Amino acid sequence: MKHKFLQYVLQNIAGMIGVSVYILADTFFISIYSGADGITVLNLSLPVYGLIFAAGSMVGIGSATRYAIKKAQGQKDIDFYFTHAIFWDLILSLPFVLLGIFGPEQVLRAMGADAAIMELGKSYVRIFLLFTPFFMVNYVFTAFARNDNAPGTAMLGSLGGSLFNIVFDYLFMFPMDLGLTGAALATAASPVVTILICGSHYLGKNNTVPFGWRLPSVKQLFSCCQLGISAFVGELSSAVATTVFNLLILGIAGNTGVAAYGVVANLSLVAMAIFNGIAQGTQPLISKCYGSGEKGEVHFLLRLALAAALAAEGILVAGIWVFTDPLVKLFNSEANQALAYYAHDGMRLYFLGYLLAGVNMMLVSCFSATDRAKQAFAASVLRGVVAITACAVIMSGIWGLHGVWLSFPASEAITAAVILVMYRRG
């Protein structure tokens, strides 16, 4: 079991890091082409990305988790979960597509953009919103592959999409001189590549995921989404935090402050990818053992995952403190002194939250993997919405920009205390 744990977790971390690396590459190329204003566009767009990813992960990961538990329990009527998840992701993507057609400027305005930022970013927002169905369905293909003993295929799919994005980011933005439009096209096409690679598993001889069909059921969707709620709030929390932080920072330090937060937020996606990799890599194994009634194995896997999260937390925070200035400089092509100052303090203070975030994410994921939907929902909402929003508003009013940065570690400390109480009671 330990060998399988390492295989699933490492392959899933590799895939998740691949996704976060292409976002960093996006940030790097945009910072060179459009400077601080380009990073501001990207950062104001991140909450919308987060909402898309949240809905897609809730349906995809929740459906795959429910499917894995029922399969381990020996239930037979499970042939529709894959197609059911694709159908609902396509339905949920429609509002985003309509926004892309009719209202990209309104999206940016709602995120706090001024006229110049709206003009620069409207084509970028329009393109990625139009590709929402692919971003969302991508979660179905990767989650079911992981739960069908093919974590390597899911990893290759994620890495393939990321590599495509990085290469075509450069080609579209510079040789073809498409700027932010080119960045959006490369990003939008990357989930298509991932879906095609993961699709090879479902057409191969090792596939055991059935492609049955039944009339779409809201009740069935809700049942699946209950187990995807931790993934949903995990993604949504990034959107909520980014929106709240953007609005607070705009009032304190203007567009340059938001650009600095863009550097912090994009680097934090790598950290989130590591801990999501541990959580999502462990989920299929925990769900299978739980469905089979092997409680001892569930506790063993959870201990391994928590140990991995703790080790990653220590290494990550130490690395950020040692390499703060080189990392900030990488995304500051204009050598903007104000941006460098804001981002330096922001990186060091904000990333202290990752001393607890990995453990919190793993415990919430365990609630979902063992069919404890109520606990998963309560802990996820506390961590992703309530605690971070309250801490950011209160602490920014007391300590200004430093209070914004420190609100993330404060919210993770509050969440850790509550989750540990919930876990021990269960």
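**Exercise 1.** Classify R66 as buried or exposed, and find its salt-bridge partner.

*Solution.* Step 1: R66 has a relative accessibility of 9% and counts as buried; buried means under 20% relative accessible area, exposed over 50%, and partly exposed in between (1.4 Å probe, protein chains only). The model is predicted: local features need pLDDT of at least 70, side-chain atom pairs count only at pLDDT 80 or more, and totals for chains, interfaces and linings use all residues. Residues are numbered from 1 along each chain as its sequence is written, and side-chain values use heavy atoms, with hydrogens and water left out.

Step 1: A salt bridge is a side-chain nitrogen of Lys or Arg within 4 Å of a carboxyl oxygen of Asp or Glu. R66 makes one with D371, at 3.4 Å from N to O. R66 belongs to helix 1 (residues 2–72) and D371 to the loop between helix 13 (354–369) and helix 14 (373–399), so the bridge ties together parts 305 residues apart in sequence. Helices are DSSP runs (H or I, at least four residues), numbered from the N terminus.

Step 2: D371 is partly exposed, at 33% relative accessible area.

**Exercise 2.** Locate E119 and K122, which form a salt bridge.

*Solution.* Step 1: Their closest N and O atoms are 3.5 Å apart.

Step 1: Both lie in helix 4 (residues 115–130), three residues apart, which separates them by about one helical turn.

Methods
Helix = DSSP H or I, 4+ residues; strand = E, 2+ residues; numbered from the N terminus.
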